[in-house]
Amino acid sequence: MLGQTTTTTPPPTERGLEDLDAAALAYAARIAGLPPERRQEARDDLVRFALPFAGRLARRYRGRGEPLEDLEQVARLGLVNAVDRYDPERGSFTAYAAITIVGEIKRHFRDRTWGVHVPRRLRDLILEVGQATAALTSELSRAPSVAELAARLETPEEEILAALESAAGYSPASLNAPVGGESSAEFGDLVGESDNALESVDDRVTVSGLLHRLPWRERRILAMRFYGNQTQAEIAARFGISQMHVSRLLSRALTWLRQAMLADAPPPWQNGAAECETGRNRIALKRTGDRVVVEVGGEIDRDGADQLRRVMLEAVTGQPREVVVDLDGAGGVDAGGIAALMAGRDAAARTGVPLRLTRVQPAVRRSLTAAGLPATADA
């Protein structure tokens, strides 16, 4: 406007050594009579004038893990805040701008550069511990102890230890960092991970003990179904029984296992209706003239082994012409049943009575063959 004296900020090419206080006073006088919408140009001129000052403050903090470009951006943000809040009546603009810019840079380091979340109180203590460590190292010509740091800062040793441990969270190692050398392995490959199967260890141990309480046939069927991934039809073919029978055996065994897992003491194994119909542990002795037939039905496990042993020993007494063990109805014979059959064979050998095992199911035949008890296919 004509007749009005206007004070302007000298252009950057003419200013030489920056006088921020004079430039700030000129800025305050310039905007005093301007409406708010016309103050933007003057504000931009002062910010551009002070940018080198903000850059020098930012360069003081380089080499601390943050790119210089990021620090300069933070310093410029602090400069803008200082210009917007500047009041000439409160003192030097240079001092106020320096405090504002440095505070913004420190806030950036405090809030943005930590690799993990650390409480603000602990972050402030970490800075104090770092400064105290540098001072004590210069005084003592050695690294200070935790007790010495606690005495200098008048802080409990527990908090000093927490600060030293938390300082490692400022710049944590990357899991993708190479291990070293020419190896292609990464640091993350060496770090263990949670084993979700640990929670089921107790259950696995309990189930393992309970499985040994099941009859041999049920144990074998469970193993074939859940460990061998065999279908019920395949299992039925192996045992020479129907698929429906296999389904009933599986259901009964799993029900017993669930009840045993939840009980303080395992319940006794109960025979199912199907087993009662076929005569589980059914052992009969029939004499036809001088020929003795031992009919074995159901499953011969440790519960029926003693009975089978007694019947076998009784069969060879009286010097019969022959003893035939008919295993057509036997669905399974465990170690106790094998031992009873071997005891009968040995007793027959001592008395000179021929003994034959006949009509053996395929699953039982394999067990007998492994035990050295050959069987014939005739009746």
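Val179 counts as partly exposed because its relative accessibility is 44%, where buried means under 20% relative accessible area, exposed over 50%, and partly exposed in between (1.4 Å probe, protein chains only). The model is a predicted one, with local features needing pLDDT of at least 70, side-chain atom pairs counting only at pLDDT 80 or more, and totals for chains, interfaces and linings using all residues. Residues are numbered from 1 along each chain as its sequence is written, and side-chain values use heavy atoms, leaving out hydrogens and water.

Val179 sits in the loop between α8 (157-166) and α9 (201-211); helices here are DSSP runs (H or I, at least four residues), numbered from the N terminus.

On to the helices. α4 (residues 68-85) has 18 residues and reaches 26 Å from its first C-alpha to its last, close to the 26 Å expected, the expected span being 1.5 Å times one less than the number of residues. Its buried residues include Leu71, Val74, Gly78 and Asn81. Helix α6 (residues 120-140), with 21 residues, reaches 30 Å between its first and last C-alpha, close to the 30 Å expected. Among its buried residues are Leu122, Arg123, Ile126 and Val129. Ser141, with a positive phi near 60°, follows α6.

As for rings, a search of the whole structure turns up one aromatic pair. Tyr86 and Phe93 form it edge-to-face, 5.1 Å centre to centre with 80° between the planes; rings of Phe, Tyr and Trp (its six-membered ring) pair if their centres lie within 6.5 Å, with planes under 30 degrees apart counting as stacked, over 60 as edge-to-face and the rest as tilted. Both Tyr86 and Phe93 are buried.

How values were computed: Helices (H or I, at least four residues) and strands (E, at least two) are DSSP runs, numbered from the N terminus.
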